[in-house]
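Please have the sequence and the structure open while reading.

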Amino acid sequence: MSNGEKQSLIGVIVSKIKDLVNDFWRWLKPNPTDHWVLQILKSIAKLPLIFLLILCSPILIVVLLLIFLIAL
Amino acid sequence: MSDGIRTMLLRPWFMGAAGLALTHQILQKILGIHVPIVDSYLDPLLFLPILLQLILLERRFVFGKGSRYALSWYHIFGVVVLVSVLVELLFPVWNPLLTADYKDVICYLIGGTAFGVFFNVPNRAFRSIKEMETGALLSNKKQ
């Protein structure tokens, strides 16, 4: 497999993962017509994605690294 | 620096909190003036509002969410939980110089809640050019 083919394959995989996460995120949006049990389950299922979103914050990573390193 | 970023950084409460934290650090670490209750609780109380304001700034202007974006309660409490677990649970295990204190977690929670209630508001003083153009387009359409 050539370098260009590899890169396009990675691009396809990344876009598929993005689409899947976006679809899941859209499904997780609150819907008042949902059964209340499903609404609670959606709220719980949202937590891992929220933590992923928080961990993608460069500011948070830098601040936490500073706290850890200053004490060394 | 864009107007939106400047507006957020120059908010009186943010300047006050950052100034207070900095003054306390100078008094404690450089001048050696110790006030036990302030030394124990001021930094954890101010830490979350300052950090959350910076995260909000990042999401608005680095990730392009726009000046009217506000953090959800999920996001705020997610940061509180993450910071509490890392700083008060994991860091003291990895680094013996850091000490765990459950009272700090209460301070983080108070700071996070205060930010969510009082300071997590859309940037009213500043509207981006894109938003102004969109607003102008909408008002033109209405006419």
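This is a predicted model: local features need pLDDT of at least 70, side-chain atom pairs count only at pLDDT 80 or more; totals for chains, interfaces and linings use all residues.

D34(A) is buried, since its relative accessible area is 18%, under the 20% cut-off. The side chain of D34(A) meets that of K42(A) in a salt bridge, with 2.6 Å from N to O. K42(A) also counts as buried, because its relative accessibility is 6%.

**Salt bridges**

- Over all chains, a search of the whole structure finds three salt bridges.
- One of them is the pair D34(A) and K42(A), 2.6 Å from N to O, in which D34(A) is buried at 18% and K42(A) is buried at 6%.
- D23(A) forms a salt bridge with R26(A), and their closest N and O atoms are 3.3 Å apart.
- Both D23(A) and R26(A) belong to helix α1 of chain A, where they are three residues apart, about one turn of the helix.
- An α-helix has 3.6 residues a turn, so residues three or four places apart point the same way.
- D23(A) has a relative accessible area of 44% and is therefore partly exposed, whereas R26(A) counts as exposed because its relative accessibility is 55%, over the 50% cut-off.
- In chain B, the side chains of R6(B) and D3(B) meet in a salt bridge of 3.3 Å, N to O.
- R6(B) and D3(B) are separated by about one helical turn because they are three residues apart in helix α1 (residues 3-9) of chain B.
- R6(B) is partly exposed, with a relative accessible area of 38%, and D3(B) is partly exposed too, with 46%.

**Helix α3 of chain A**

- α3(A) has 13 residues, and its first and last C-alpha atoms are 18 Å apart, close to the 18 Å expected at 1.5 Å a residue.
- The residues L60(A), V63(A), L64(A) and F68(A) of α3(A) are buried.
- These four residues are on the same side of α3(A), because they cover an arc of only 135 degrees around the axis.

**Nonpolar patch on chain B**

- L22(B), I26(B), L27(B), I30(B), L31(B), I33(B), V35(B), I37(B) and V38(B) make a nonpolar surface patch of about 810 Å².
- Two or more residues of the nonpolar patch come from each of the elements α2 (12-30) and α3 (36-61) of chain B.
- With four residues, α2(B) gives the most to the nonpolar patch.
- L27(B), one of the patch residues, has its place in helix α2 of chain B.
- L27(B) is partly exposed because its relative accessible area is 31%, and patch residues need over 30%.

**Confidence**

- The model has an ipTM of 0.75 and a pTM of 0.77.
- Chain A has a mean pLDDT of 86, with 96% of its residues at 70 or more.
- Within chain A, confidence is lowest in helix α1 (residues 3-28), at a mean of 86, and highest in helix α3 (residues 58-70), at 89.
- Chain B has a mean pLDDT of 85, with 85% of its residues at 70 or more.
- Within chain B, helix α6 (residues 129-142) has the lowest confidence, at a mean of 54, and helix α5 (residues 102-119) the highest, at 94.

Methods:
Residues are numbered from 1 along each chain as its sequence is written. Chains are lettered from A and ligands numbered from 1 in the order in which they are written. Side-chain values use heavy atoms; hydrogens and water are left out. pLDDT is the predictor's confidence in each residue, from 0 to 100. Patches are made of residues with over 30% relative accessible area and no salt bridge: like charges are joined within 9 Å, nonpolar side chains (Val, Leu, Ile, Met, Phe, Trp, Tyr) within 5 Å. Accessible areas come from the Shrake-Rupley method with a 1.4 Å probe; for residues, only the protein chains shown count as cover. A salt bridge is a side-chain nitrogen of Lys or Arg within 4 Å of a carboxyl oxygen of Asp or Glu. Buried means under 20% relative accessible area, exposed over 50%, partly exposed in between (1.4 Å probe, protein chains only). The expected span of a helix is 1.5 Å times one less than its number of residues. The arc is that of the directions from the helix axis to the C-beta atoms.
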